[in-house]
Amino acid sequence: MAELQLTPPRKERLADKLYGQILEQILNGAFKEGDRLPAENDICSAFSVSRPVVRQALIRLQADGLVYSRRGSGTFVRAVPPSAITRFVLPSNVAGYLKSFEVRFALEAAAVSLAAERRSSQNLHNLDEANELLREKIMNGQSPSEADFNFHREVAVASGNDLFVSLFEHLRGEISGSMGVALNLTKLGSDERRIAVLREHQQIVEAIRARNGEHAALYMRYHLVRARERITDAQRDP
């Protein structure tokens with residue numbers, strides 16, 4: 001008889017759950033910007049988790065720019081995300097979506113640099129079409145996440161390396177999810193924010209058109225950083 005193989009739950013998932021619970025406390029006003037979070041031992045007791053789990057959650061919150069640590073003083077709230085974020089994603093899923101940006105920084109900066117060097121006239125045509133569709137969706141108040149995904153996928157196609165496209169498709173769930181949250185928050189924001197999003201995409205297209213890989217990578221990184229900030233910080237507008 002085959003031996004039953006059991007896979008223990010990953011601590012990372014438990015840490016993401018705790019991340020979400022702490023985030024909920026921040027969102028509901030229990031902790032405001034500048035407030036100190038409870039000590040690690042107190043968090044362990046309150047949420048019935050181990051200290052390594054607490055540390056993992058706090059490390060993720062710090063990496064995402066939501067809290068910061070001061071030696072000898074504890075952990076403090078750095079930024080409060082838009083309260084509307086819970087309309088589009090469960091707090092426990094926010095950590096996973098933000099992790100996708102860390103991968104995209106490397107993946108898309110490399111892809112867009114190659115796209116600027118290798119793009120064909122057809123690639124440019126496809127990018128212009130994808131960019132225009134994204135513009136229409138955003139300015140008409142429609143859901144633009146699929147159009148945004150297609151724009152970034154066209155950048156990967158223009159790189160001339162099918163592996164970039166395969167990797168992008170493999171991460172479709174996480175990437176589309178993070179795009180959806182950022183863009184839905186943008187829909188609720190100011191006209192200035194919507195215009196900023198469109199300008200960021202246009203800068204990427206123009207750098208590819210000019211065959212300037214260095215600028216294309218710079219604009220891509222800037223766009224991804226700003227998209228991430230639109231999720232994590234309610235004070236950042238656009």
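Mentor: Read along the sequence, the chain follows the pattern α-α-α-β-β-α-α-α-α-α-α-α. Please note that this is a predicted model, in which local features need pLDDT of at least 70 and side-chain atom pairs count only at pLDDT 80 or more, while totals for chains, interfaces and linings use all residues. Residues are numbered from 1 along each chain as its sequence is written, and side-chain values use heavy atoms, with hydrogens and water left out.

Trainee: How many helices and strands are there?

Mentor: The chain has 10 helices and 2 strands. These are DSSP runs numbered from the N terminus, helices being H or I with at least four residues and strands E with at least two.

Trainee: What does the C-alpha trace span?

Mentor: Along its principal axes, the span is about 60 × 60 × 35 Å.

Trainee: And what percentage of the residues is buried?

Mentor: Of 238 residues, 44% count as buried. Buried means under 20% relative accessible area, exposed over 50%, and partly exposed in between, with a 1.4 Å probe and protein chains only.

Trainee: Let us turn to H7. Which of its residues are buried?

Mentor: In helix H7, residues 162–170, the buried ones are Phe164, Val165 and Phe168. Seen down the axis of H7, the buried residues fall within an arc of 100°, so they line one face of the helix. That arc is taken from the directions from the helix axis to the C-beta atoms.

Trainee: Which residues are exposed on the other side of H7?

Mentor: Asp162, Leu163 and His170 are exposed there.

Trainee: What do the buried residues of H7 pack against?

Mentor: They pack against helix H4 (91–118), helix H6 (145–158) and helix H8 (172–188). Contact here means heavy atoms within 4.5 Å.

Trainee: Which residue caps the N-terminal end of H7?

Mentor: Asn161 does, with a side-chain oxygen 2.9 Å from the backbone nitrogen of Leu163.

Trainee: A change of topic: where is Ala207?

Mentor: Ala207 is in helix H9, residues 191–209.

Trainee: Why does Ala207 count as buried?

Mentor: Ala207 counts as buried because its relative accessibility is 4%. Leaving aside neighbours within four places in sequence, Ala207 is in contact with Ala116, Asn212, His215, Ala216 and Tyr219.

Trainee: And what separates Ala207 from Phe168?

Mentor: Their C-alpha atoms are separated by 21 Å, and the two residues are 39 residues apart along the chain.

Terms used:
Polar contact = N/O pair within 3.5 Å; in protein donor to acceptor, adjacent residues only side chain to side chain.
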